[in-house]
Amino acid sequence: ILSLFGFTVSFFTGDLSRGLAESLHHDTLAIDLVILAAFGGCYLPLVQSLYSLAPRYVPTAEVACVKITEAVWGPIWVYLLEGEVPSRSASAGGAVIVLAVLCHS
């Protein structure tokens with residue numbers, strides 16, 4: 001549902017058409033579509049299923065703490081895979097989230 005919403009918003013704002021037009025000038029369109037299909041069709045449903053099953057085995061508050069750390073892992077993965085350095089505010093926000101999760105545990 002979230003992917004459909006994101007696609008709809010990007011379609012109506014014109015971001016989708018600009019992104020596709022830009023991608024046609026590069027050779028990465030095919031591999032990007034494969035990665036998109038893998039994440040949207042396999043990875044995301046698997047993660048959401050595991051988050052749905054987790055409260056059976058772990059307290060719900062701890063599951064929520066783990067889910068919150070997704071905001072921390074995003075910039076880390078982008079830095080590791082793309083080399084894009086997160087801003088100071090993103091780093092500070094990530095540190096606050098990690099500190100809150102550690103204090104809760």
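In this predicted model, Val85 counts as exposed because its relative accessibility is 61%, and the cut-off for that class is over 50%. Val85 is located in the loop that lies between H5 and helix H6 (88–104). Along the chain, Val85 and Pro75 are 10 residues apart, and their C-alpha atoms are separated by 8.0 Å.

Val85 also takes part in a surface feature. Together with Trp73, Ile76, Trp77, Tyr79, Leu80 and Leu81, Val85 makes a nonpolar surface patch of about 800 Å². One of these residues, Trp73, has its place in helix H5. Trp73 has a relative accessibility of 46% and therefore counts as partly exposed, since the exposed class requires over 50%.

Helix H5 itself comprises 13 residues, 70–82. Because a helix is expected to span 1.5 Å times one less than its number of residues, H5 should span 18 Å; the C-alpha atoms at its ends are 18 Å apart, in agreement with that expectation. After H5 comes Gly83, whose phi is positive, near 80°.

Is Thr69 buried or exposed? The relative accessible area of Thr69 is 17%, so this residue is buried, the limit for that class being under 20%. When neighbours within four places in sequence are left aside, Thr69 is in contact with Ile97 and Val101.

How values were computed:
Residues numbered from 1 in each chain as written. Predicted model: local features only at pLDDT ≥ 70, side-chain atom pairs only at ≥ 80, totals over all residues. Heavy atoms only, no water. Helix = DSSP H or I, 4+ residues; strand = E, 2+ residues; numbered from the N terminus. Buried < 20%, exposed > 50% of the residue type's maximum accessible area, 1.4 Å probe, protein only. Contact = heavy atoms within 4.5 Å. Patch = residues over 30% accessible without salt bridge, like charges linked within 9 Å, V, L, I, M, F, W, Y side chains within 5 Å. Areas by Shrake-Rupley, 256 points an atom, 1.4 Å probe, with all protein chains shown as cover. Salt bridge = Lys/Arg side-chain N within 4 Å of Asp/Glu carboxyl O.
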